Amino acid sequence: MADIQGSYDRLFIAVPNALADMLDAGDAGGSVAVFVDGEPVVDVWGGFADAERTVPWERDTIVNVWSVTKTMTALCALVLADRGELDPDAPVSRYWPEFAAAGKEKVLVRHLLSHTAGLPDWDGQVDDLYDWPAATARLAARPPRWEPGTAAGYHSLTQGFLVGEVVRRVTGRSVGEFLAEEITGPLGADFHIGLAAEHDHRVALAIPPTGRDEDYSASAPGNPEGSEAGNGVRLRDGNSLAWRRAQIPAASGYGNARSVALTQSVLACGGEVNGVRLLSRAGCDRAWEEQFDGDDRVLRMPVRWGLGYGLFGTTYGWGGWGGSLVMIEPDSRMVVAYVTQQMREPTEDTRGMEIVTAAYEGLQGLRG
């Protein structure tokens, strides 16, 4: 069995065992954290940080978590809404006047967060993602593909720029700066949007699925490879320095399972973790107010969207390209996070749900 490092409550032994099984099945590396009541009951990692399997995965190894980043960007917006600085029911143009162009006067902030704004496509080059003013200006000039609020279509890359520009207009700070100064900094969470060079040595680069190379492209489960769901992003793009330095708040966040679980525990624990209060109870509840329930036009599958989070029964959260995942269970005050650099084909990847299932086994024993 693979060697698993870290610590865990014995009631949750199924979780490190699940990670070991994944490494034994061929994964290079990964980390898992389960937090209950804002405290870690599982914080483990194992395997290797490189494709050649020469560099051990360490306690502070970090990876690009892809669309799990969306939950961090959403949390920024929720904090601002709770402070009364951002109204989810307001038109986006109240904060970003240029956005009203091309028939978008009625697009509301909540439409951005719930993938119902009608702007799912990134039609620029990948390099344009690294230029914030150009990217946001491009989106402000575009007409919506459908009447905002009437349908959902996964805004794979665009959601981060849309929500992020509203955050910037409200606060005068980028999403990465706001997250660091107002959320992860106070919590002591090692998560970054716009990664500084000082952290490069800790990054585990993404590894393509078996039989693929660095031209492997993002796509949704029901869509052909290279479709609009991934908007043409290739693995080599995500492994580049340009991607790492840029703020792409829908897809370029870097962290480990511990940092993801700690940060999202704010929502699981009524807005306060380790004496740091970031949200009121009502502010937390906003995250899982249903905004849409039906077939997503891009993902081509049934989806329920809250304010920035996917809704799944009594839980909410989201996953990222390649397998990373965060799941929040407010009734049990639990958060489960799994991150890895080892990609698998989306139709074959059940790792995140295996980790969540294992965590529930421990929770039953804990609450027993």
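In this predicted model, strands E12 and E13 form a hairpin with 5 residues between them. Glycine 322 sits in the turn and has a positive phi of about 95°. The two strands, E12 and E13 (residues 325-329), pair in the antiparallel sense over 4 bridges. Within this pairing, glycine 317 stands opposite methionine 327 in E13.

E12 also takes part in a hairpin with E11. Strand E11 (residues 310-312) pairs with E12 over 3 bridges, again in the antiparallel sense. Leucine 311 stands opposite tyrosine 316 in E12. This hairpin has 2 residues between the strands. Glycine 313 takes a positive phi near 60° there. Strand E12 (residues 315-319) is mostly covered, with 4 of its 5 residues buried.

A further set of strands forms an open sheet. It holds 3 strands in the order E4-E6-E5, with antiparallel pairing. The edge strands are E4 (63-64) and E5 (192-193), and each pairs on one side only. E4 is joined to strand E6 (residues 253-255) by 2 bridges, and these two strands run antiparallel. Asparagine 64 stands opposite tyrosine 254 in E6.

An α-helix has 3.6 residues a turn, so residues three or four places apart point the same way.

The axes of H4 and H5 come within 10 Å and cross at roughly 105°. Angles of 65 to 115 degrees count as roughly perpendicular, so H4 is roughly perpendicular to H5. On the H4 side, the contact is made by Trp132, Ala135, Thr136 and Leu139. On the H5 side, Thr158, Gly160, Phe161, Leu162, Gly164, Glu165 and Arg168 take part. By class, the contact of H4 with H5 has 5 nonpolar, 4 polar and 2 charged residues.

Helix H6 (residues 175-187) and helix H9 (residues 257-268) pack at an angle of about 105°. Their axes are 9 Å apart. H6 and H9 are therefore roughly perpendicular to each other. Ile183, Thr184 and Leu187 of H6 make the contact with Leu262, Thr263 and Val266 of H9. By class, this contact has 4 nonpolar, 2 polar and no charged residues.

Helix H1 (residues 14-24) has the buried residues Val15, Pro16, Ala18, Leu19, Ala20, Met22 and Leu23. Both strands and a helix contribute to their cover. Among the covering elements are strand E1 (4-8), strand E2 (29-36), E3, strand E14 (334-339) and helix H11 (351-367). Just after H1, glycine 26 takes a positive phi of about 125°.

Arginine 53 has a positive phi of about 60° although it is not a glycine. This residue lies in the loop between strand E3 (39-47) and E4. Arginine 53 counts as partly exposed, at 37% relative accessibility. Histidine 115 likewise has a positive phi of about 60° without being a glycine. Histidine 115 is buried, with a relative accessible area of 1%. The cut-off for burial is under 20% relative accessible area.

Glycine 283 lies in helix H10 (residues 281-285). At 0% relative accessibility, glycine 283 counts as buried. Glycine 283 and leucine 80 are 203 residues apart in sequence. In space, the two are 9.5 Å apart, C-alpha to C-alpha. Leaving out residues up to four places away in sequence, glycine 283 touches Leu78 and Asp82.

Definitions and conventions
Residues numbered from 1 in each chain as written. Predicted model: local features only at pLDDT ≥ 70, side-chain atom pairs only at ≥ 80, totals over all residues. Heavy atoms only, no water. Pairing = 2+ DSSP bridges. Buried < 20%, exposed > 50% of the residue type's maximum accessible area, 1.4 Å probe, protein only. Axes fitted to C-alpha atoms, helices over the stretch in contact; angles between N-to-C directions. Parallel < 35°, antiparallel > 145°, perpendicular 65-115°, else oblique. Contact = heavy atoms within 4.5 Å. Nonpolar A, V, L, I, M, F, W, Y, C, P; charged D, E, K, R; others polar.
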